[in-house]
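Subject: Structure handover and notes

Dear colleague,

Please find the structure below, with the sequence alongside. My notes on what was found in it follow directly after.

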Amino acid sequence: MAEKIKLYDDAKCTACRGCQLACKQWNALKAGQTKQWGSYQNPPTLQPNNYMIIHFQDVKDDKGGVKWLFRKEACMHCTDAACVTVCPSGALFYNKDFGTVGLNHDLCIGCKNCVAACPFEVPKYDGSTDKITKCDMCESRLANNMTPACVKACPTGALSWGDKEAQLKKAAARAQQLGGSATVYGDKYVGGTHLMYVLSEKPATYA
């Protein structure tokens, strides 16, 4: 099967968080108590019961005003994944059909090597189960020719799923269309990622 990539276009995202809810529903993740902490972003970080969040960030624009930047935060599914390299039990592995990084909870021994190794701070340790959790790109959906739940739920087209080469061309064309500081992020790191971004600002601008 062709290698696949999920593409996120922050200029199309309205931060409705439909993707965030769809992820919790499909993976049967329990809700947790939240509280106001000074941001519309909630929860504040990835958690064992939240495989993805929409990151909220406000920045100054060139006119002295403030604008919102949104970013989907989840497993990047690296082609050369540090988490897979350091996992001693084989719980973390590469999906041979799509190139994504899967997680076999039954094999996880809770050593937390992946927590320390991941440059994107994605794997989260769940003390109640002594296991690691993270997005597996909805492997159960992919195996049945369905798109990831977050992509299915996105109402604006900010998220898309498709063949790697087609997605790379789409991302480059979109960045060129946006102009200015718009750029593609994810194709030049860790052997390439399977969650890639079209960012309306330079990557360094984002938290």
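The buried residues of helix H6 pack against strand S1 (4-9), strand S8 (159-163), strand S9 (183-185) and strand S10 (195-199). Contact here means heavy atoms within 4.5 Å. Helices (H or I, at least four residues) and strands (E, at least two) are DSSP runs, numbered from the N terminus.

Before the details, two remarks on the source. This is a predicted model, in which local features need pLDDT of at least 70 and side-chain atom pairs count only at pLDDT 80 or more, while totals for chains, interfaces and linings use all residues. Residues are numbered from 1 along each chain as its sequence is written, and side-chain values use heavy atoms, with hydrogens and water left out.

Helix H6

Which residues of H6 are buried? They are Gln167, Ala171, Arg174 and Ala175. These residues lie on the same side of H6, because they cover an arc of only 100° around the axis; the arc is that of the directions from the helix axis to the C-beta atoms. Glu165, Lys169, Gln176 and Gln177, on the other side of H6, are exposed. Buried means under 20% relative accessible area, exposed over 50%, and partly exposed in between (1.4 Å probe, protein chains only).

The length of H6 was also checked. The helix has 15 residues (164-178) and should span 21 Å at 1.5 Å a residue; its end C-alpha atoms are 21 Å apart, which agrees. The expected span is 1.5 Å times one less than the number of residues. Just after H6, Gly179 has a positive phi of about 70°.

The sheet

The strands that H6 packs against form an open sheet of 4 strands in the order S8-S1-S10-S9, with mixed pairing. S8 and S9 stand at the edges with a single partner strand each, so one side of each has no neighbour in the sheet. On average, neighbouring strands of this sheet are turned by 25° against each other, direction ignored. The axes are lines fitted to C-alpha atoms, for helices over the stretch in contact, and angles run from 0 to 180 degrees between N-to-C directions.

Two strands pair if DSSP finds at least two bridges between them. The pairings are as follows:

- S1 and S8 run antiparallel and are joined by 5 bridges; the bridge partner of Tyr8 in S8 is Leu159.
- S1 and S10 are parallel, with 4 bridges; Leu7 stands opposite Met196 in S10.
- S9 and S10 run antiparallel and are joined by 3 bridges; Val184 stands opposite Val198 in S10.

How many of the residues of S10 are buried? The count is 5 of the 5, so S10 is largely enclosed by the rest of the structure. In a regular strand the side chains alternate between the two faces of the sheet. Both faces of S10 are covered, with Leu195, Tyr197 and Leu199 buried on one side and Met196 and Val198 buried on the other.

Tyr197 is also one of the residues touched by Glu73. Glu73 belongs to strand S3 (residues 66-73) and is buried, with a relative accessible area of 18%. Leaving aside residues up to four places away in sequence, Glu73 touches Leu46, Tyr51, Met52, Ile53, His55 and Tyr197.

Salt bridges

The structure holds 7 salt bridges, a salt bridge being a side-chain nitrogen of Lys or Arg within 4 Å of a carboxyl oxygen of Asp or Glu. Three of them are described here.

Glu3 and Lys164 meet through their side chains in a salt bridge (4.0 Å, N to O). Glu3 lies in the segment before S1 and Lys164 in helix H6, so the pair ties together parts that are 161 residues apart in sequence. Glu3 is partly exposed at 30% relative accessibility, and Lys164 is partly exposed at 25%.

Lys67 forms a salt bridge with Glu201, with the closest N and O atoms 2.3 Å apart. This pair links distant parts of the chain, with Lys67 in strand S3 and Glu201 in the segment after S10, 134 residues apart. Lys67 is partly exposed, at 29% relative accessible area, whereas Glu201 is buried at 17%.

Lys188 and Asp187 form a salt bridge through their side chains (3.3 Å, N to O). Lys188 is exposed, at 68% relative accessibility, and Asp187 is partly exposed, at 32%.

Regards
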